[in-house]
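Q: Hey, I've got a structure open and I'd like to talk it through. Can you help me read it?

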Amino acid sequence: MRFASLASVAFVALTGRAAAETFVIDQTNATISFTAPFMEIFELEGEFEDFSGQAELEDDPATARAEMTIKTGALTSEDGRWEDQLRGPDFFASEQFPELTFRSTGFNEDDAGGRGILTGELSLRGITRNVSFAVEYQILRQKGRDAALYFRGTTTLNRRDFGIT
């Protein structure tokens with residue numbers, strides 16, 4: 001199971017450059033999507049529709065922190081016939097485990113900046129595992145407007161690590 005996320009995050013409160021800046025996900029301009037291979041025949045693509053999260057950035061990217069919560073029952077797919085199965089006990093088990101959470105534990109930026117590896121703990125179906133996301137990001141600042149953080153992160157999960165068969 002591969003999860004790809006693309007999130008546009010809007011600035012919450014303007015603070016000085018020396019202090020941390022907090023960004024929250026602007027759900028109207030963000031997408032969290034996934035691709036799930038089925039029996040090695042095809043890949044099902046879908047999106048989560050209800051999620052929240054924030055990122056806190058300081059001058060040193062290594063101190064960045066991020067967290068996200070996704071409602072596992074609020075999903076759509078390119079083929080609606082699979083949605084109930086994805087919400088059901090064989091996959092997300094949304095009734096028993098209504099949320100998927102991620103909390104970062106570190107960020108390693110590459111030398112060029114704007115890219116890196118975000119590591120953290122992902123909890124799904126009551127099981128927490130360490131995961132890494134390859135990320136790209138950009139902070140856009142315009143005079144007279146709040147700053148915005150544009151973020152794209154991808155990872156591949158082994159669904160058996162989370163009790164999904």
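Q: Which residues in the largest nonpolar core touch the most other members?
A: Keep in mind that this is a predicted model. The largest nonpolar core has 34 residues, and F48, I70, L86, L122 and L124 touch the most other members.

Q: Which strands supply at least two residues of this core each?
A: They are β2 (21-25), β3, β4, β5 (51-57), β6 (65-71), β8 (99-109), β9 (115-124) and β10 (127-140).

Q: And where does the largest share come from?
A: From β3, which gives four residues to this core.

Q: Why would those side chains sit together like that?
A: In soluble globular proteins, nonpolar side chains tend to be buried together.

Q: Let's pick L122. What is L122 in contact with, leaving aside its neighbours within four places in sequence?
A: Quite a list: L100, T101, F102, I127, T128, R129, V131, L157 and F162.

Q: Ok, zooming out. How many helices and strands are in the chain?
A: There are 11 strands and one helix. Reading from the N terminus, the order is β-β-β-β-β-β-β-α-β-β-β-β.

Q: How much of the chain is buried?
A: The chain has 165 residues, and 38% of them are buried.

Q: Is I41 buried or exposed, and why?
A: I41 counts as exposed because its relative accessible area is 64%, and the cut-off for exposed is over 50%.

Q: New topic: how many salt bridges does the structure hold?
A: Eight. One of them pairs E21 with R141, where the closest N and O atoms are 2.8 Å apart. This pair links distant parts of the chain, with E21 in strand β2 and R141 in the loop between β10 and β11 (148-156), 120 residues apart.

Q: What's in helix α1?
A: Both E83 and R87 lie in helix α1, four residues apart, which is about one turn of the helix. The helix covers residues 83-87. The side chains of E83 and R87 meet in a salt bridge, at 3.8 Å from N to O.

Q: Which residues is R87 in contact with, leaving aside neighbours within four places in sequence?
A: T72, G73, L75, F92, A93 and S94. For L75, the backbone oxygen lies 2.8 Å from a polar atom of the R87 side chain. For G73, its C-alpha atom and that of R87 are separated by 5.6 Å, though the two residues are 14 apart along the chain.

Q: Which residue forms a salt bridge with R65?
A: E58 does, with the closest N and O atoms 3.4 Å apart. Both partners count as partly exposed: R65 at 38% relative accessibility and E58 at 33%.

Q: What does I139 touch, not counting residues up to four places away in sequence?
A: I139 touches F23, L57, A147, A148 and L149.

Q: And how far apart are I139 and F151?
A: In sequence, I139 and F151 are 12 residues apart, and in space they are 8.8 Å apart, C-alpha to C-alpha.

Definitions and conventions: Residues are numbered from 1 along each chain as its sequence is written. This is a predicted model: local features need pLDDT of at least 70, side-chain atom pairs count only at pLDDT 80 or more; totals for chains, interfaces and linings use all residues. Side-chain values use heavy atoms; hydrogens and water are left out. Buried means under 20% relative accessible area, exposed over 50%, partly exposed in between (1.4 Å probe, protein chains only). A nonpolar core is a set of buried Ala, Val, Leu, Ile, Met, Phe, Trp, Tyr and Cys residues joined through side-chain atoms within 4.5 Å. Contact means heavy atoms within 4.5 Å. A polar contact is a pair of N or O atoms within 3.5 Å; within protein, one must be able to donate a hydrogen and the other to accept it, and residues adjacent in sequence count only if both atoms are side-chain atoms. A salt bridge is a side-chain nitrogen of Lys or Arg within 4 Å of a carboxyl oxygen of Asp or Glu.
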